[in-house]
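Okay, thanks for coming, everyone.

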Amino acid sequence: MKTTDHFKRTIQMYLEQRAAEDALFAKNYRNPAKNIDDCVTYILNYVKKSGCNGFTDGEIYGQAVHYYDENEIEVGKPINCQVAVNHVVELTAEEKAEARQEAVRRYQDEELRKLQNRNKPTAKKETKVEPSLFDF
């Protein structure tokens, strides 16, 4: 399934906040038979069946809660798509540090490749001189 991680994290953050505020929902949310990937698949199949292109936050969050509230629910087949989200996800300090380290690591690797390629001898092209009719 190729949903955007941003969409998945937005849904998960909402559900975690809801579970922290609502003890009854928290019990359903901790159900080991349920997971965020199936929740997202359920939401995407709901959206596909509806035929609509845009939804309010409340509609999507409501479907996420519905997925966790129902014990017997048809999730559907995974859908290969990209989801546009108009929310900003705040990263934790740990996530920011991890992203920064990854960026530094990629930059260092790129610079190292440049240095290694700079010191490699370039292959010289041999130019063959073809004799002309006037050289004979």
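So here's one to start with: does H3 pass H4 in a left-handed or a right-handed crossing? Have a look while I get the housekeeping done. This is a predicted model, where local features need pLDDT of at least 70 and side-chain atom pairs count only at pLDDT 80 or more, while totals for chains, interfaces and linings use all residues. Residues are numbered from 1 along each chain as its sequence is written, and side-chain values use heavy atoms, with hydrogens and water left out.

Helices here are DSSP runs of H or I, at least four residues, numbered from the N terminus. Of the 136 residues, 21% are buried, and buried means under 20% relative accessible area with a 1.4 Å probe, exposed over 50%, partly exposed in between. Now contacts, meaning heavy atoms within 4.5 Å: among those with a separation of 6 or more, 82% join residues 24 or more positions apart.

Let's go to H4, residues 57-69. Its 13 residues should span 18 Å at 1.5 Å a residue, and the end C-alpha atoms are 18 Å apart, which agrees. The expected span is 1.5 Å times one less than the number of residues. Buried in H4 are Ile-60, Tyr-61, Gln-63, Ala-64, Val-65, Tyr-67 and Tyr-68. Their cover includes H1 (5-21), H2 (23-29) and H3 (36-50).

Back to my opening question. H3 passes H4 in a right-handed crossing, that is, the near helix is turned clockwise from the far one by less than a right angle. On the H3 side, the contact involves Ile-36, Asp-38, Cys-39, Tyr-42, Ile-43, Tyr-46 and Val-47. H4 brings Ile-60, Gln-63, Ala-64, His-66, Tyr-67 and Tyr-68. The packing angle is about 125 degrees, and the axes are 9 Å apart. That makes H3 oblique to H4.

Last stop, Gln-12, over in H1. Is it buried or partly exposed? Gln-12 counts as partly exposed, because its relative accessibility is 26%. Leaving aside neighbours within four places in sequence, Gln-12 is in contact with Tyr-29 and Ile-36. And Tyr-61 sits 49 residues along the chain from Gln-12, with their C-alpha atoms separated by 9.7 Å.

That's me done, so over to you.

How values were computed
Helices (H or I, at least four residues) and strands (E, at least two) are DSSP runs, numbered from the N terminus. Axes are lines fitted to C-alpha atoms, for helices over the stretch in contact, and angles run from 0 to 180 degrees between N-to-C directions. Angles under 35 degrees count as roughly parallel, over 145 as roughly antiparallel, 65 to 115 as roughly perpendicular and the rest as oblique.
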